[in-house]
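Please look through the model before reading on.

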Amino acid sequence: MTVAARLAELGISLPEPAKAVANYVPFVRTGDLVHISGQLSNDAGGGIKGTVGADVSPEQGKDGARMCGVNLLAQISAACDGDLERVVRVVKLGGFVQAAGDFEAIPAVINGCSDLMVEVFGDKGRHARSAVGVYKLPLGFAVEVDAIVEVR
């Protein structure tokens with residue numbers, strides 16, 4: 001099954017890739033690797049903002065991580081000139097959760113993005129990962145995820 005068919009089966013249409021909001025670029029390709037800047041838990045409906053474990057539930061946080069994954073896919077697509085079949089491997093995800101002081105289920109939140117990568121790319125979507133709880137994220141969003149992807 002093609003990546004496009006998997007996305008359609010999952011009911012996912014990719015948004016326009018987010019533009020940089022500061023002095024950086026959305027992605028950098030070096031050799032066969034694409035380094036994608038952090039993507040936030042936002043979508044056309046505004047996204048998920050707040051602190052997981054306080055005013056955001058763990059399930060909402062996981063949904064936010066999935067939103068980050070959809071935004072990562074949009075950036076990967078842009079880096080591959082619209083052809084996600086060029087993805088060889090999702091190498092690594094770096095996940096950040098704006099977390100309440102006593103909230104420890106950070107990895108479970110980031111699974112929202114990790115699970116999406118495997119749903120979309122199969123075994124090529126399995127990756128190394130960091131999952132980190134932080135005090136604040138840009139613009140008040142609950143989750144941010146960056147990525148390194150091998151492409152051809």
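Helices (H or I, at least four residues) and strands (E, at least two) are DSSP runs, numbered from the N terminus. This is a predicted model, in which local features need pLDDT of at least 70, side-chain atom pairs count only at pLDDT 80 or more, and totals for chains, interfaces and linings use all residues. Residues are numbered from 1 along each chain as its sequence is written, and side-chain values use heavy atoms, with hydrogens and water left out.

**Loop residues**

- Glu104 sits in the loop between strand S3 (87-98) and helix H3 (106-121).
- From C-alpha to C-alpha, Glu104 and Val52 are 9.8 Å apart in space, yet 52 residues apart in sequence.

**Positive phi**

- Most residues other than glycine have a negative phi.
- Asp81 has a positive phi, near 55°.
- Asp81 belongs to the loop between H2 and S3, and counts as exposed because its relative accessibility is 69%.
- Leu139 also has a positive phi, near 60°.
- Leu139 lies between strand S4 (128-134) and strand S5 (143-151), in a loop, and is exposed at 60% relative accessible area.

**Lining classes**

- The lining of the largest pocket has 14 nonpolar residues (Ala, Val, Leu, Ile, Met, Phe, Trp, Tyr, Cys and Pro), four charged (Asp, Glu, Lys and Arg) and six polar (the others, Gly among them).
- Strand S2 (33-40) and helix H2 (58-79) each supply at least two lining residues.

Methods
Buried < 20%, exposed > 50% of the residue type's maximum accessible area, 1.4 Å probe, protein only.
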